[in-house]
Amino acid sequence: MESDEALRYPPGSLVVFTGLPGAGKSTLLTRLYGLTGDESEPVAAGRVRVIDSRQSRNRWAGRLVWAPKPVRTFVVYVGHVTRIGRELAAGHAVVAHNRGAWPHVLHGFAWLARRRGRPFHLILLDVEPRTALAGQHARGRVVPAATFDRHSRRWRRLVAQVRGGSPGPAASATILDRAAADALRALVFDDMTAVGAPHGPVE
């Protein structure tokens, strides 16, 4: 972790927090940006827009009770990604939430950022599966076991790839274990940072 307990990125970047369901991504965004969990729209923090998938869930809460869960999940996710694209198009840096490590989703974020001429960066919140499961139970939304197993396999591959020196579709990928996540105090967007930095794990 840098001495000022901050991670630095170029202005206008798309920075996506990703990790296993229940790893604590929303909790970290809440602490960094003072979210309440009740928001239904992106939150402004200067020129940065903070987009948690809870916002899209809240926006649709009670409006899709007739729909099967896969349909509700799809609508919420499309709304989440649409908001990210809209805020990038408006010229804002975006800090966003993503669940899991599906390769096509990460490549989709990379494409979205590239389409707007923005760098894409990943922050991987790496916790043990049992810790993520405990987080799911604490929030009251538990992913089915088979789905969580798929998430876990993909997650292990992504973490191994980053530890091996490849950020995948991103300009950089930073790994935070729980202690490093707890120590993180800010994301800073300034002109002093090269597009490719920081590289590799920070633990």
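**Pockets, rings and charges**

Helix H3 gives the largest share of the lining of the largest pocket, namely 6 residues. Helices (H or I, at least four residues) and strands (E, at least two) are DSSP runs, numbered from the N terminus. Please note that this is a predicted model, in which local features need pLDDT of at least 70 and side-chain atom pairs count only at pLDDT 80 or more, while totals for chains, interfaces and linings use all residues. Residues are numbered from 1 along each chain as its sequence is written, and side-chain values use heavy atoms, with hydrogens and water left out.

Let me stay with the pockets. On a 1 Å grid over the protein atoms alone, a pocket is an open set of points where a 1.4 Å probe fits, with protein on both sides within 12 Å along at least five of seven lines; lining residues have an atom within 4 Å of a point. The largest pocket has a volume of about 1,200 Å³, a volume being the space filled by probe spheres set on the points, which are joined across faces, edges and corners. Of its 38 lining residues, Arg 57, Lys 69, Thr 73, Arg 99 and Arg 141 are the closest to the centre. By type, the lining of the largest pocket divides into 14 nonpolar residues (Ala, Val, Leu, Ile, Met, Phe, Trp, Tyr, Cys and Pro), 10 charged (Asp, Glu, Lys and Arg) and 14 polar (the others, Gly among them).

The second largest pocket has a volume of about 170 Å³. Its lining includes Gly 22, Arg 31, Leu 125 and Asp 182. Helices H1, H5 and H7 (178-183) each give two or more residues to this lining.

I turn now to the rings. How many aromatic pairs does a search of the whole structure find? The search finds 2; rings of Phe, Tyr and Trp (its six-membered ring) pair if their centres lie within 6.5 Å, and planes under 30 degrees apart count as stacked, over 60 as edge-to-face and the rest as tilted. The ring centres of Tyr 9 and Phe 189 are 6.1 Å apart and the planes stand at 40 degrees, so this pair is tilted. Tyr 9 belongs to strand E1 and Phe 189 to strand E8, 180 residues apart. Both Tyr 9 and Phe 189 are buried, where buried means under 20% relative accessible area, exposed over 50% and partly exposed in between (1.4 Å probe, protein chains only). Phe 109 and Phe 120 also form a tilted pair, with centres 6.3 Å apart and planes at 40 degrees.

A charge sits over a ring if NZ of Lys or CZ of Arg is within 6 Å of the ring centre and within 35 degrees of the ring normal. Arg 154 has its charged end over the ring of Trp 102, 3.6 Å from the centre.

Finally, the salt bridges, of which the count is 5; each is a side-chain nitrogen of Lys or Arg within 4 Å of a carboxyl oxygen of Asp or Glu. Since Arg 83 lies in H3 and Glu 41 in the loop between H1 and strand E3, the pair ties together parts 42 residues apart in sequence. Arg 83 is buried at 6% relative accessibility, whereas Glu 41 is partly exposed at 40%. Arg 54 and Asp 52 form another salt bridge, with their closest N and O atoms 3.3 Å apart.
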